[in-house]
Amino acid sequence: MDKSVAAIGLVARDGPDGERRYLLRWSPHWRQWNLFGGHVEDDEDERGCLAREANEELGDGVRLSIAAKPRMRLAYDAVSKRTGKLTAYDVSVFDASLVDPDALPDLTSGIQNLWRTADEILIGQALGSDLVSFMTRKIVGQLEGVQAS
């Protein structure tokens, strides 16, 4: 069985209505909205992975403060969409916050990044008919104490 170790960053803020919102990013490759993060490379730890992914996925100059320890871990077996092989996934989810809050307009100025509530994420659609990934729904569902479908 293949193995995949990944790190996911959970960036959240309160909206003007006081409701918690999570930062999602569009993945053109997977054609889904996701929390940011990715596979841990052989030469990095999980937090190093998130720093690299933040730069790649959120843009140059977006710096994050990443929690020292993961908020949660998910371990499960599933068939990889990329390889078609049964894979053992080990996913660490870290709280993260923007070092420079002025970066917020840059993050939301394009269609690649959105802030969405837990309810919006859990119904599975972030923008029009674009889907939210199962992994994102699963993580947010666990945080909110509901089962993702």
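Predicted model: local features only at pLDDT ≥ 70, side-chain atom pairs only at ≥ 80, totals over all residues.

Reader: OK, and which residues of helix H4 are buried?
Author: H4 covers residues 134-144, and its buried ones are Met-135, Thr-136, Arg-137, Ile-139, Val-140 and Gly-141.

Reader: What do those buried residues pack against?
Author: Quite a list: strands E1 (2-14), E2 (20-27), E3, E6 (72-79) and E7 (86-98), plus helix H3 (118-122).

Reader: Switching topic: which residues touch the most other members in the largest nonpolar core?
Author: That core has 21 residues, and the ones touching the most other members are Tyr-22, Leu-24, Trp-33, Leu-35, Val-91, Val-93 and Ile-139. Two or more residues come from each of E1, E2, E6, E7, H3 and H4.

Reader: Take Val-91 then. What is it in contact with, leaving aside neighbours within four places in sequence?
Author: Val-91 is in contact with Ala-6, Ile-8, Met-72, Arg-73, Leu-74, Tyr-76 and Met-135. There's also a second, separate core of 16 residues, and Cys-49, Leu-58, Val-62 and Phe-94 are among them.

Reader: Last one, Gln-32. Is it buried or exposed?
Author: Gln-32 counts as buried because its relative accessible area is 14%, and the cut-off for buried is under 20%. It lies in strand E3, residues 32-34.

Reader: And what is Gln-32 in contact with?
Author: Leaving aside neighbours within four places in sequence, Gln-32 is in contact with Arg-25, Trp-26, Ser-27, Lys-81, Leu-131 and Ser-133.

Notes
Residues numbered from 1 in each chain as written. Heavy atoms only, no water. Helix = DSSP H or I, 4+ residues; strand = E, 2+ residues; numbered from the N terminus. Buried < 20%, exposed > 50% of the residue type's maximum accessible area, 1.4 Å probe, protein only. Contact = heavy atoms within 4.5 Å. Core = buried A, V, L, I, M, F, W, Y, C linked by side-chain atoms within 4.5 Å.
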